[in-house]
Every structure is written in structure tokens, then in C-alpha cells.
Protein chains: 2
Amino acid sequence: MKKQDLVNAILGERCSLAACRDQGRAFAPTNIALCKYWGKRDAELNLPQTSSLSISLGDKGALCQLRPRAQSDSFSLNGQSMALVSPFGQRLKAFLDLFRIKHDFYFQVDMQMNIPYAAGLASSACGFASLVLALNDLLAWGLESRALSILARLGSGSACRSVVPGFVEWRAGSSADGMDSYAERLDENWPTLCIGLLIVSEREKPLASRLAMERTVATSALYSAWPEKVRADLHCLKKAIKEQDFRLLGETAESNALNMHALMLSAWPPISYALPETLTAMQSVWKLREQGLLVYFTQDAGPNLKLLFQAQDREQVSAAFPSAEIIQPQLIE
Amino acid sequence: MKKQDLVNAILGERCSLAACRDQGRAFAPTNIALCKYWGKRDAELNLPQTSSLSISLGDKGALCQLRPRAQSDSFSLNGQSMALVSPFGQRLKAFLDLFRIKHDFYFQVDMQMNIPYAAGLASSACGFASLVLALNDLLAWGLESRALSILARLGSGSACRSVVPGFVEWRAGSSADGMDSYAERLDENWPTLCIGLLIVSEREKPLASRLAMERTVATSALYSAWPEKVRADLHCLKKAIKEQDFRLLGETAESNALNMHALMLSAWPPISYALPETLTAMQSVWKLREQGLLVYFTQDAGPNLKLLFQAQDREQVSAAFPSAEIIQPQLIE
């Protein structure tokens, strides 16, 4: 099993029962990709076809508390007990199987998330990242963020970007063992950057993003052009962030998201995460831009939009989208 | 001017006043592309980046009646006088400038169209095709369909597919003078094939398809993959038509249309001809397919859908889309 090999290679001699503490605890922010991760080159190791770039959402994310247990795992989310057989429960259990330091070693996982679950805000990203950080604390691994990012990636690809704050680049890497595919923080802050969560529907996704990715890579005739698009967008985003060029950031992020959704539309059977309300919201954004307001959007594998704008335009954006929840991810740093 | 050179090369000695009759008259069907024409390699000569394939809609189209006039052109559409300065009037006049056989030679053009104008049913395609066929009649050129197709192409790219009935392939060609880029009828009939016109909005297009094409080719990072997609789709469509394999026809046509719209979504600024109602209609089609009904759609540069299905399913499709106008384009042939 490649996953366990990778974990063993990273942890080496670190996995000793003697080092285990009474509890581990860590917070990880959720993240929104400005250049998307869409398509894997290795499904077991969550190795991506391309690099990607995200912004971590400050204090929005998951707080994970871990305790060792003698008999069977026990999970809770926001104070509610979670069944081991639920989809998220099964993923957590399978992930923890990689880290049991002896026979009959189990975990109590208590997770608190302060993000709206239905907003498509990558709850699995911050969930797995916080779990890895809490494991690092509980088992006193003393790992650096690069190794922690690789471990988080094994839980959920985009989780590797949630082990650090700020702007984060996940380098795709090229090695087969997955040791060079991890996320790193970019050394830039942008305190006036705002994100508005525009929830148009709280319905469950009709298709898991993992399956949508697989189908896109397998059937879209346009996918062959995606890696080059990502290379160009990553260049523009890094330039935009360095120079705080908001127009370049917004155009690149919106174009990147629309290209990802274009790929899905070009798959067979076609995939559309957009609802009629999504299209209406996009058209509102485009109309506001025509009127001179610098507001852009990005969209993940769901119907909701994340608006991108600057603090100076906060009031106007709020007036146009009264239901949007506004976050200024780097204000407090 | 390359256009006039091409016209002269085709007409040769044919343009004599002596041959001119009292009137010319011709009908041309409109056509719906099953494999789309999207992107030009030469804007003046309407030379396409790729080949395309359409079905001509039987007796739905334009009937053109032409008479010579001594003073200024005069146009009417469906009995209503059309201003020379209207957008269509200007295009007609510029096109007719290519064919004036002497100084002070003008045309009276009376056109009747029996297609819903707002349905995105390529009224310029059948309009220019019927005009060229009527010129051939009026001026007694005696041209074959290949030459007529090239001339019609100069009026509107997709008009070159409307000079013949049935399934039609427009071969892209490769020469710079445009002499090898014309449409030809495929030697196949499919009497049970049905098309349903689903009009979700009669609003004018927000962006002319010519401009949308230009923007797509200039800015879409995914466009580089389109020619290969077209090659594959043309192969599948010809196979489907030959073997009357409706599932293959429907899947290929719908996928081709969605790939074209994906390209537009990936352009900058993004282009979306879909309205919220368009998305709702697509989702209805997808749901009907999940329930086992073989119905597909194609979409052109507008919000309306054209449903594709077989005569045996006509009642079920009508029940699901009561407002759809149903055409059986090859029933009468």
C-alpha cells in the first residue's frame, strides 16, 4: 500500500507509544483555491495533475481535539456524535488507520468547524489538515509543515493547502512516491482582500468532486489544454499577489474557475454544478463589473459562489448581495 | 479585396448583363449544426478553423425573390420593408456589392422566412443561401452546388451548408483563397429523426456570434483542443448517420455543443448564452435520459435548445416539453 509506505517514510522512528501525550489539539483554516486543483495523476496518493494556489481563510476552519482510546474510534463534529459508518466517518477512520502506533490503539476525534457546512467551503480540507496537526501534537512528531502537508494530502488533496495560513501554493511535484507534492506559504499578505460567501443553495452536491474530477480527466477532450492554462494562471496570480494588483487577481481567479467548470461541461456525461440561481448570480457580478465595480467570483464543485473584492468596495458588494457573508482573511495577521 | 477576387474566380465570364432574367427565385433550408462551426481562420473569407456537419431543416427556411432595379437596392422580409441601414440590410447590401454586373445595377430582394426568427435558427444561413441560389437563377450563372456553397459562405459562414438539403458536411479546406472550403450533402437519409425547437427566451442575443467566435479564439486557453474534438465528433456523427445509431448521434451532438459553450465560458470576458431557463431545460433533458428516454439537445449562440429525438418518442417529448415545435426534417424526402 503506497499510502502506508509514504507515512512510514515520513514518520520514520517518530511513531513511538512512549511519546504519546494525553491529548493533541490544533486548528487549521479552510482554504479557497484561486487556481484550482482539478484532476489527479495518482488517485491513492492524491497526487495532482497540476499545481494550485489558494488563500487560507484566517480563523475560519476546523479545531481538532484528539485523545487516545483503548476501544474503537469515536468521532464528533460540532458537539454531535458522528457515526463511524457515515461518509466522513469512514474517511476519517481509514485515514487514522495509517497512524495507529500499536494494536488496539484508537482515537477520540472532536472537531469544531466555524464555517457554513453547505457553502462548499472545503470542510474536508480544514478537517483533515486540523487532524494531521492534532496528530503531530498528540504523538509529538515534531514535523515541519512540508511533511504535515504531505500527510494531510493523503486525507484530502486540498487539505495539504490548509496546514498553513495566508496565500498557499501546492506544488504538484513529479515523483511517484508523492514526497515532492506539498503546499507552501507564499511570503505575502493582502489585508484588504475580501471574500464574500454567496450561498445560492444548501442542497447536497449531486456528484462528489472526486468523481467529477475522474470523469473530467477521462472524458473531456479539452482537458489536454488545462495544464498550460494552470501554468499561465499561477504566474499571473503570483504576480498579482506580489504587486497587490487586484484586477489581475480577480480576472485570473474567475477565469480559472470558469475554465474548470468549462472542463466539466465538456465531460461526458456533462457535469454542471451550476443551478439556475448560480447563473443569475454570475450575471449580477458581470453586470456590476460593467458598471465599474471590481468584483469577481470563484466557484468550486458546488453551486455557490465566492466573491472576491477589496475592502473599499465592501459596502457596495453588500448592497448588491445582502445575503453574502463577508470574510477578510488576512485582516488579523 | 480577397472576397471580390474569389467571386470573380468563380463567376469568370458568367457575369453578363445579357443573361439577366426578369426575376430569380429560390428556396434554401435553414440548418442546425450537429458538429459546430466555431472559429475562423480567415475573417474576410469566412474560412473556418475546422470542418462542421449539419442537418438542413426540410421546408423550413427562406424563399428569396430577386428583381433587377435601376435605382438603389430595396429589401423586404416577410412582406415588411427592411431599412438598408438595419444590421441585416447592411449585410445584404455589402454582399450584393460583390455581384453588380454594371454601374447602377441594383436589386429588389423579397425574402420570406417560415422559421421562428427568435429561435436562433440561423436565419442568416438560409437567408444568404437563398439569396445566392436566387442570384444563380436571376443571372443564369448555371453554377453547381459547390460553387454556390462557396459564394453563400461569403455572406455568412454557415450559409454554405444551406445550399443543399439533408445531412451536410462543410469541409474546412486549407487553401488561402477559400476555393476548397465548401459544403457537400452526405448521401444518407434518416426519416425518423426529429428536432424540437425549445424557445426559452425571445430576447436578442447579447453578443453577435461573430464576436463571440473571435473572442473565443483569441482568449480561450482551451481552444487549442477544439480541432481534435471536432475531428473525433465528425467521425462519430458520420458513423451514427450511416448506421442510424441514434444514441451515438445524440451523445456526439450534445457533447459537441457543450464543448463549444465550454470554450465560450473559458474565454475572457466569459461568454454565456445560457439563461437560467436554459440550464433548467438542460437539466430536464438530463433527467429524462436518466429515466431512459433517448432525448438530447444542441445549442447555438443563443439561449434556446434544439432537442434531438426519434419519431417513436415524439409523444413523450411533447409531454415533457409542451411548448416545443417539432420538425421531422427528412420525413418528406
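Reader: How many bridges join β11(B) to strand β12 of chain B?

Author: Two strands pair if DSSP finds at least two bridges between them, and strands (E, at least two residues) and helices (H or I, at least four) are DSSP runs, numbered from the N terminus. Here 4 bridges join β11(B) to β12(B) (residues 305-310), and the two run antiparallel; Phe297(B) stands opposite Leu307(B) in β12(B). This is a predicted model, in which local features need pLDDT of at least 70 and side-chain atom pairs count only at pLDDT 80 or more, while totals for chains, interfaces and linings use all residues. Residues are numbered from 1 along each chain as its sequence is written, with chains lettered from A and ligands numbered from 1 in the order in which they are written.

Reader: Which helix packs on the sheet, touching β10, β11 and β12 of chain B?

Author: Contact requires C-beta atoms, placed from the backbone, to lie within 7 Å; axes are lines fitted to C-alpha atoms, for helices over the stretch in contact, with angles from 0 to 180 degrees between N-to-C directions. Helix α8 of chain B (residues 276-290) touches those strands, its direction making about 155° with that of β11(B).

Reader: What rotation superposes chain B on chain A?

Author: Two copies of a chain are related by a rotation about an axis and a shift along it. With least squares on the C-alpha atoms of residues with pLDDT of at least 70 in both copies, a rotation of 180° with 0.0 Å of shift along its axis superposes chain B on chain A, at RMSD 0.0 Å. The two copies are therefore related as by a two-fold rotation axis. The same surface serves both, since 100% of the contact residues of chain B recur in chain A.

Notes:
Two residues are in contact if their C-beta atoms, placed from the backbone, lie within 7 Å.
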